[in-house]
Amino acid sequence: MKFLGCRTALVLDRRDVSNWGEGVGNECSTCLSCTDFPFYTIGRIANIPCTASNGLAGTCLIRGECAASGGLFGGNCSTFTNQATCCIFSKTCGGSTNLNSTYFTNRGYPGGFNDGGSCSFTISPCSSAVCQLRIDFRTLTLAQPNADGECLTDVMTVTGGSSEVPPICGDNSGQHVYVNFDELNPITIKIATSGGTSFSRLWNLQLQQINCDSRLRAPDGCLQYHLGTTGIISSFNYGTAANAAVSTTGLIGTRQLANHRYGICIRSGPDKCTITYSVPSNGGRYAFTVSGDASVLDPLLIGDPLLLMNGEMCTEMDYVIIPAPSITLPNIDRFCGLGWWPVTSTVKPFVFYVVWNENDLPDAANRGFRLEYTQNDCSVA
Ligand SMILES: [Ca+2]
Ligand SMILES: [Ca+2]
């Protein structure tokens, strides 16, 4: 039996709010394909986001519907019936989804994948009310780039959207990206690995569809969008350990990924007027090492605030842009070098631009950045 009106039966039942919480995804109702579950879906329970007993994000569904959709039971999620389960959708290579909150993992996850090949996953927007896909890298460990920051061994690419995601490899657990859907066209995530390099790859990507009118929607031009009044931002593949790759000139390789140019946006909190970027208390010496040869420096000098450069000196290098910094010299919003000093930006929206050029010579042993941001009250601006 088909039930033509099934989509209308999936409207949120706002009485059942026990599983609503702060966080990404809680404003987007779940879209289910119109298959054969009229009995389950006519207003029986709210198909809202929930947190499963194992901590993963799921969707509250009647058990039969969860099983028939290929989901896994994640514990009860309704105060109305014990037939409801927090349904988790976890899929791997070759899969596709039009369901909100799906996980895309490597074959064999949570074990590693030590082989070559191409693994793709396709996400279709669940309705015309959806504008963006947020991909949270709960785990993303791929092989390091070559010494010049090129993802030649392993690479993750995201295509089909109307905004760009740069190629990504290396260690990126905890990072995320936003992609704009191009109308109702699907977005494809592809992870290509080289079998010739023995390495245990691991990925578990959480895929959340963001409604156009959601407060979680990232502004245009933002590859990343941070929601807290304080938090950590870092470049892709930032890590304190050196890349083991050595350049053709014998220099220690970079961890920065070549050709990355994107915006990291930070949602302004209430009564916040400025934002300050500084080295976290546990940041270490490599917290801002984006341009220059760190391999020839005395290790004790790396990270020294005096090694932060700005303005015209950064033009031919990798640099970051902090709009309207609290410095009065002209053309000073570009920052580069091998050390950091707290910089405050005085304009909204809060955005931090990354501009990595196409190679990493004559740089060496760069790590990228890992900085803490703090939004400041208007009264102390
Ligand atoms: Ca560099
Ligand atoms: Ca570079």
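## Strands β8 and β10

In this predicted model, I135 stands opposite V177 of strand β10. The pairing behind this position is antiparallel: strand β8 (residues 130-141) and β10 are joined over five bridges, where two strands count as paired if DSSP finds at least two bridges between them. Strands here are DSSP runs of E with at least two residues, helices are runs of H or I with at least four residues, and both are numbered from the N terminus.

Strand β10 covers residues 176-180 and is mostly covered, with four of its five residues buried. A residue is called buried if 20 or more other C-beta atoms lie within 10 Å of its own, exposed if 12 or fewer do, and partly exposed in between, with C-beta atoms placed from the backbone.

## Basis of the model

Residues are numbered from 1 along each chain as its sequence is written, while chains are lettered from A and ligands numbered from 1 in the order in which they are written. Because the model is predicted, local features need pLDDT of at least 70 and side-chain atom pairs count only at pLDDT 80 or more, whereas totals for chains, interfaces and linings use all residues.

## The chain as a whole

The protein chain has two helices and 25 strands. Of its 381 residues, 44% are buried. Two residues are in contact if their C-beta atoms, placed from the backbone, lie within 7 Å. Among the contacts with a separation of 6 or more, 73% are between residues 24 or more positions apart.

## The largest nonpolar core

In soluble globular proteins, nonpolar side chains tend to be buried together. A nonpolar core is defined as a set of buried Ala, Val, Leu, Ile, Met, Phe, Trp, Tyr and Cys residues joined through C-beta atoms within 7 Å. The largest such core in this model has 85 residues, and the members touching the most others are C60, C169, L205, C265 and L371.

For L371, neighbours within four places in sequence are set aside; the remaining contacts are I233, Y277, S278, V279, A287, F288 and W340.

## The four-stranded sheet

One open sheet has four strands in the order β5-β7-β11-β9, and its pairing is mixed. Its edge strands, each pairing on one side only, are β5 (96-97) and β9 (155-159). Strand β11 (residues 187-193) is joined to β9 by five antiparallel bridges; within this pair, V155 has A192 of β11 as its bridge partner. Strand β7 (residues 117-123) is also antiparallel to β11, with seven bridges between them, and I123 is bridged to I187 of β11.

In a regular strand the side chains alternate between the two faces of the sheet. In β11, the covered face carries I187, I189, I191 and T193, and the uncovered face carries T188, K190 and A192.

## The six-stranded sheet and N310

A second open sheet to consider has six strands in the order β13-β17-β24-β21-β22-β20, with mixed pairing. Strands β13 (222-226) and β20 form its edges, each pairing on one side only. From one strand to the next, the twist averages 25 degrees, taken between axes that are lines fitted to C-alpha atoms, with angles running from 0 to 180 degrees between N-to-C directions. Strand β20 runs antiparallel to β22 (residues 334-337), with three bridges between them, and M309 has C336 of β22 as its bridge partner.

N310 lies in strand β20, residues 308-310. N310 counts as buried because 21 other C-beta atoms lie within 10 Å. Apart from neighbours within four places in sequence, N310 is in contact with I332, R334 and F335. The C-alpha atoms of N310 and R334 are 5.3 Å apart, although 24 residues separate the two in sequence.

## Backbone features in loops

The bond from Y109 to P110 is cis, with omega near 10 degrees, and P110 is placed in the loop between β6 (102-105) and β7. The bond from L361 to P362 is likewise cis, with omega near 5 degrees; P362 is found in the loop between β24 (350-355) and β25 (368-377).

Positive phi values also occur in residues other than glycine. N259 has phi near 65 degrees and lies in the loop between β16 (252-253) and β17 (261-266). N259 is partly exposed because 15 other C-beta atoms lie within 10 Å. A324 has phi near 45 degrees and is placed in the loop between β21 (319-321) and β22. With 13 C-beta neighbours inside 10 Å, A324 is therefore partly exposed.
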